[in-house]
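Open the model in your viewer and keep the selection panel at hand. Each stop below names what to select and then what is there.

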Amino acid sequence: MTKHIEAFFETENDAESAKADLQELGIEKELVEPIPEEADVLPIVPVAGSTNVGGAGISYDNIVHPGQDATGKKHLTHVLHFYLSDEHFDRAIEKIGKHSGHMNEKHL
């Protein structure tokens, strides 16, 4: 059986790099596109977990509900959609995390 996966990234380059890395798992119907301004993508969380996230000026709320920074720039700008067989789901999550991807927490 296959799953539809959506992973969110800070840049188009991050999304495209993740897509290239996921090719070895036999993903299908992959598409990278900008996240529309009006899209509600909450609640999403970093796939890599809190050990790969942090630094000055990043609050827990910004990690769990990333929105915009003080300048109004969106933190997450692109989404990668793809289909994947269930058996490769865990490996796909690892690869998404490697590229600083985020996913809806209910899919993790």
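Predicted model: local features only at pLDDT ≥ 70, side-chain atom pairs only at ≥ 80, totals over all residues.

Start with the surface of the whole chain. Of the 108 residues in the chain, 35% are buried.

Switch to a cartoon view. The chain has 3 helices and 5 strands. Trace the chain along its sequence and the pattern reads β-α-β-β-α-β-α-β.

**Stop 1: helix α3**

Select residues 89-98, which form helix α3. Which residues of α3 are buried? They are F89, A92, I93, K95, I96 and G97. Show what surrounds them. The buried residues of α3 pack against strand β1 (2-9) and helix α1 (12-22). They also pack against β4 (78-85) and β5 (102-104).

Step past the end of the helix to S100. This residue follows α3 and has a positive phi, near 60 degrees.

**Stop 2**

The next stops concern charged side chains. Side chains of opposite charge can pair when their charged atoms come close. The chain has 5 salt bridges in the count.

Select D21 and K95. They form a salt bridge, with the closest N and O atoms 3.5 Å apart. D21 sits in helix α1 and K95 in helix α3, so this pair ties together parts 74 residues apart in sequence. Are the two partners buried or exposed? Both D21 and K95 are buried.

K98 lies in helix α3 and D21 in helix α1, so the pair ties together parts 77 residues apart in sequence. Colour by accessibility to compare the two ends. K98 counts as exposed because its relative accessible area is 58%, over the 50% cut-off. D21 counts as buried because its value is 15%, under the 20% cut-off.

**Stop 3: R91 and E24**

Select R91 and E24. Their side chains meet in a salt bridge, at 3.0 Å from N to O. This pair links distant parts of the chain: R91 is in helix α3, while E24 is in the loop between α1 and β2 (28-34). The two residues are 67 apart. R91 has 40% relative accessibility, so it counts as partly exposed. E24 is exposed, with a relative accessible area of 54%.

Now show the residues from these stops together. How do D21, E24, R91, K95 and K98 connect? Salt bridges that share partners join them into one network.

**Stop 4: a second look at K95**

Centre the view on K95, which is found in helix α3. Its relative accessibility is 12%, so K95 counts as buried. Which residues is K95 in contact with, leaving aside neighbours within four places in sequence? They are D21, L22, E24 and L25. Pick out E24 from that set. The side chain of K95 makes a polar contact with the side chain of E24, at 3.2 Å.

Finish with D21, K95 and E24 on screen. K95 has its salt bridge to D21 and its polar contact to E24.

Conventions
Residues numbered from 1 in each chain as written. Heavy atoms only, no water. Buried < 20%, exposed > 50% of the residue type's maximum accessible area, 1.4 Å probe, protein only. Helix = DSSP H or I, 4+ residues; strand = E, 2+ residues; numbered from the N terminus. Contact = heavy atoms within 4.5 Å. Salt bridge = Lys/Arg side-chain N within 4 Å of Asp/Glu carboxyl O. Polar contact = N/O pair within 3.5 Å; in protein donor to acceptor, adjacent residues only side chain to side chain.
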